[in-house]
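Please look over the sequence and the structure shown here before reading on. The briefing below then takes up a few features in turn.

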Amino acid sequence: MIFEKEFECAPLKKLKEIQLERLKKLLAYLNKNVSFYHKKFTDMKIKPDSLKSVKDIKHFPFTKKTDLRDHYPFGLFAVPLSKVYEIHASSGTTGNPTVVGYTKKDIKLWSRVMARALACAGVDRSDIVHNAYGYGLFTGGLGFHYGAMELGVTVLPMSSGGTKRQLKLMQDFKTTIITCTPSYTLYMAEEAKEMGIDPLKGNWRIGVLGAEPWTDGMRKEIESVWNMTALDIYGLSEIIGPGVAQECEAKDGLHLFADEFYPEVIDPDTGEPMEEGVAGELTLTTLTKEAIPLLRYRTGDIVSINHEPCKVCGRTLPRISKIKGRTDDMLIIRGINVFPSQIESVLLQIEETEPHYLIVVDRVASLDQLEIQVEVNEKIFSDEIKKLEELEKKIKKEIESVLGLQVSVRLVEPKTIERSQGKSKRVIDKRKF
Amino acid sequence: MKISQVSIFLENKSGRLSEVTKLLAEEKINIRALTLADTSDFGILRLIVNDPQKAIIILRDNGFTVATTEVIAAEVKDKPGGLAEIVEILSKAKLNIEYMYAFVEKQKEKAIIVFKIENIDKAIDILVKNKVTLLQSKDVLNL
């Protein structure tokens, strides 16, 4: 089923017209309502109404995650807080989270694009959506919830965790669609077997999976374990949350809702557009968002883009590939974004001298594990085991509160962490996706 | 009456302990007493050696994280009740024993207990008052 045919199957010429009209309005809106953009336009001596065609967008400035950080919490909002219905937050690069807001219209937009995504994945009104994305500040839970409501499908707001109960209710309620991270489906399969439940006999027919990278190899595994179709969804809270792009049954790229989120694929070093089909950094412009609209936002995700209409589902919206990598060192652990710099800023506050640390990521029994090894030095070394254990606990507690994620911390001997010339290698990722 | 104890941070990796003992042996440092405290992740090796200053320098130069701590070494009657007497004196004075370990003094055939006590000065005071013999640094070095 196609939720909004007029946009999702619009002829390419019509799509460009929609994009141009919305871009023009957006630039005027930003200039008027967001001092950050007004100042940028003034400094760059660029007039908002100088945009005559969609391609002219390349003359306008980029927006980066550090801009959101520098204006924490509400500095980039285009509306007063009284008009903001909902606030969400996700990981920042240091101690402060990245904050986003939604007006009533923005929530409606989010609901619509999520409904598109679910329909694109093959969900219909007779399904029961088992939503195991985390509810709360994370945009996953509520995003899928709104989408299900907009589409008119029954939704079960399970959130994440409590795996035994998830599986029991899957059976008792006969939920048919699972929405969660790809690694969680594998974790649930193992728990199911332990409970004597055969995943092959489970009721889930489609999984709409995202919030972390996963390969076609992992897809095959998930599909064979659960005997269901597993499709990819893409999004990021800075843009809207989940609901930026969705894979259709063709499993050949994710349809990006380009009438709402204008995509560019650029060279991360020069900012110039990449050729069609060549991988680069995905940059997105929100075309109708009200509370925190963003212009040419650098996502840090590396993709390639394909403008050919899809022969299988009929959608004309451009397709992005599965995420191929990152331009920075961001990690995704159990669906949560983690920047090594967050960990470093915690360690610098606890230890006076620059700490030497190593982040080791592994996936054990389908669950991502994060271990932070911190080198001991004479400043922090105490003869008392108690004090060292207290220090380990303190570091663990501080990091967990900043990341929103459980970690383990281990004190190691000095000089065991490799030094390299220039930037030290801070992360060892043992996972294979 | 304060004895200098050397503490070394060791990861729970095989071979680390061996490296330390080999290193000290090479430099002709004699270990009088030792104890190894461990957690699941790491251990602290505590040593009474005949030349703590030299030991610290050697260990540091070889990349170990070390510290020195002041401890007391008390002579204990080598019969049942010997230790209990001393522990009671400290307990009555409300002095907290962080850890302790023992060794035998060859020449006088006395049992020696090493104590780490938070308030070391008060401990020395109270033990001396109760006629407990505390070793001097030079006694330890010459053992």
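Which residue takes a positive phi just after H6(A)? Gly152(A) does, with a phi of about 90°. This is a predicted model, in which local features need pLDDT of at least 70 and side-chain atom pairs count only at pLDDT 80 or more, while totals for chains, interfaces and linings use all residues. Residues are numbered from 1 along each chain as its sequence is written, and chains are lettered from A and ligands numbered from 1 in the order in which they are written.

**Chain A overall**
- Chain A has 11 helices and 21 strands, these being DSSP runs numbered from the N terminus, with at least four residues (H or I) for a helix and at least two (E) for a strand.
- Buried residues, meaning those with 20 or more other C-beta atoms (placed from the backbone) within 10 Å of their own, make up 44% of the 433 residues in chain A.
- The C-alpha atoms of chain A fill a box of roughly 70 × 60 × 45 Å along the principal axes.

**Helix H6**
- H6(A) covers residues 139-151, and 12 of its 13 residues are buried, so this helix is largely enclosed by the rest of the structure.
- Among the buried residues of H6(A) are Phe144(A), His145(A) and Tyr146(A).

**Strands E19 and E20**
- Strand E19 (residues 367-375) of chain A runs parallel to strand E20 (residues 408-412) of chain A, and five bridges join them.
- Ile372(A) has Val409(A) as its bridge partner in E20(A).

Technical notes: Two strands pair if DSSP finds at least two bridges between them. The expected span of a helix is 1.5 Å times one less than its number of residues.
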